[in-house]
Amino acid sequence: MSDIVVNYSSNILNGTLETLKATSLARLVKPGMRVSLKPNMVLAKHPSEGATTHSEVTEGVIVFLRELGIDNIEIIESAWLGDNTKRVYAACGYDKLSEKYGVPIYDLKDDKIRRVKVGEYTFEIFEKALATDFLINIPVLKAHCQTLMTCCMKNLKGCISDREKRNFHTLGLHRPIAMLNAAIQTGFCVVDGICGDLTFEEGGNPVTRDMIIAGQDPLLLDSYCSSLLGLNAEDIGYISIARKEGLGEIYGANTKLTELNSENKPLLTKSATGLARRLSSKINEDKACSACYSALINALHRVGGYSGEKISVGQGFIGKGGKLGCGNCTSGFERYVKGCPPKASEVCEFIYSLTAN
């Protein structure tokens with residue numbers, strides 16, 4: 001079987017089924033198993049905006065598993081800091097999907113936490129992510145304003161507590177993300193490459209690629225997917241660290257890649273990170289959580305033309321003073337936007353006020 005299967009299809013449900021039939025998944029799962037599906041439900045935006053997993057991809061996985069006689073299926077996720085998972089499920093059509101197939105959806109923020117030690121870390125991981133017999137990771141392939149990209153490996157952050165999510169940013173994101181993949185066993189990955197946002201993880205600037213990508217090795221898939229965003233895999237910290245830790249393989253000449261419907265293959269896109277990098281030059285960041293950082297960088301993008309003093313954001317500014325800040329961590333600053341995270345609209349208003357002055 002192929003290490004990676006890529007299908008170029010605009011029919012999301014059928015394309016997902018076609019992809020899975022060309023993979024090894026049928027040999028990995030057995031009737032009686034408890035199978036947990038982990039999509040990317042980061043915030044309450046419809047998948048067409050490029051931030052969340054299409055329900056049709058997850059539906060394709062459910063239909064495929066049901067055809068194999070697997071009935072004990074559940075969907076698990078926790079939204080990012082500042083959003084409600086149940087609201088996200090509804091916005092993305094997962095409540096209807098749950099009703100249609102009788103598959104329960106769980107907000108992991110309501111789940112019990114287990115502390116798991118891996119190397120120098122002790123992670124707070126939700127019980128359901130650890131107790132399952134087989135975890136299928138269903139991320140969105142998209143850019144990320146701090147880690148350059150997010151796909152299989154980073155999607156496991158939805159399996160940790162909100163407190164741990166904050167801690168990951170304190171620890172620098174990359175090494176914790178890599179080591180989390182040693183703590184949580186991923187059985188298989190199905191990547192939603194339909195229209196991921198190629199600028200920010202929050203969505204709003206989707207680029208249609210109509211791709212479903214699948215395979216067993218999260219690191220291998222992430223290293224392959226990085227090339228689709230115009231990135232070098234070794235430039236992405238958590239990929240480089242995971243490779244050194246022996247957590248998987250890196251995409252290369254020896255990888256067996258199968259492409260389906262290659263006549264629909266899209267043109268290669270330019271690097272997704274140029275705009276985010278330019279905007280980040282206007283930010284003074286220290287241990288910022290993704291929600292705060294993303295709100296600020298998106299606000300800078302929307303306002304445009306800001307050339308004033310850098311705006312500080314992140315936990316590293318707690319108890320410190322300064323001029324301009326974003327989020328409650330900068331409450332000691334002369335001027336700052338309240339919130340944890342602050343509302344994007346309020347960040348925009350704040351930057352507009354600075355521009356006006």
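A residue is called buried when its relative accessible area is under 20%, exposed when it is over 50%, and partly exposed in between (1.4 Å probe, protein chains only). The model is predicted, so local features need pLDDT of at least 70, side-chain atom pairs count only at pLDDT 80 or more, and totals for chains, interfaces and linings use all residues. Residues are numbered from 1 along each chain as its sequence is written, and side-chain values use heavy atoms, with hydrogens and water left out.

Helices (H or I, at least four residues) and strands (E, at least two) are DSSP runs, numbered from the N terminus. Helix α3 covers residues 55–67 and has 13 residues. From its first C-alpha to its last, α3 reaches 18 Å. That is close to the 18 Å expected at 1.5 Å a residue. The expected span is 1.5 Å times one less than the number of residues in the helix. Helix α3 is mostly covered, with 10 of its 13 residues buried. The buried residues are Ser 55, Val 57, Thr 58, Glu 59, Gly 60, Val 61, Ile 62, Val 63, Phe 64 and Leu 65. Just after α3, Gly 69 takes a positive phi of about 85°.

Salt bridges were searched for next. A salt bridge is a side-chain nitrogen of Lys or Arg within 4 Å of a carboxyl oxygen of Asp or Glu. The whole structure holds 19 of them. One of these joins the side chains of Glu 120 and Arg 175, at 2.6 Å from N to O. This pair links distant parts of the chain, 55 residues apart. Glu 120 lies in the loop between β5 (113–118) and β6 (121–126), and Arg 175 lies in helix α9 (residues 174–183). Glu 120 is partly exposed, at 47% relative accessibility. Arg 175 is also partly exposed, with a relative accessible area of 26%.

Arg 163 and Glu 124 meet in another salt bridge, at 2.5 Å from N to O. Here too the pair links distant parts of the chain, 39 residues apart. Arg 163 is in helix α8 (residues 162–170), and Glu 124 is in strand β6. Arg 163 is exposed at 58% relative accessibility, whereas Glu 124 is buried at 6%.

Helix α8 also holds a local pair. Lys 165 forms a salt bridge with Asp 162, and their closest N and O atoms are 3.4 Å apart. The two residues are 3 apart in helix α8, so about one helical turn separates them. An α-helix has 3.6 residues a turn, so residues three or four places apart point the same way. Lys 165 is buried, with a relative accessible area of 6%. Asp 162 is partly exposed at 24%. Elsewhere, Arg 34, Glu 74 and Lys 128 are linked in a network of salt bridges.

A disulfide is a pair of cysteine sulfur atoms within 2.5 Å. The sulfur of Cys 189 has its closest cysteine sulfur in Cys 152, but the 3.8 Å between them is too far for a bond. Cys 189 is buried, at 0% relative accessibility. For Cys 340, the closest cysteine sulfur is in Cys 292, at 6.0 Å, again too far for a bond. Cys 340 is partly exposed at 48% relative accessibility.

On a 1 Å grid over the protein atoms alone, a cavity is a set of points where a 1.4 Å probe fits but cannot get out; a pocket is an open set with protein on both sides within 12 Å along at least five of seven lines; lining residues have an atom within 4 Å of a point. Grid points are joined across faces, edges and corners, and a volume is the space filled by probe spheres set on the points.

The largest pocket has a volume of about 310 Å³. Its lining has 16 residues, of which Leu 43, Trp 80, Asp 83, Glu 202 and Ala 344 lie nearest its centre. Helix α13 (residues 290–303) gives the largest share of this lining, 3 residues.

The count of cavities of 30 Å³ or more is 1. The largest cavity has a volume of about 280 Å³. It is lined by 22 residues, with Val 42, Trp 80, Lys 154, Lys 157 and Gly 158 nearest its centre. Two or more lining residues come from each of β8 (142–144), α7 (152–155), α8 and α13.
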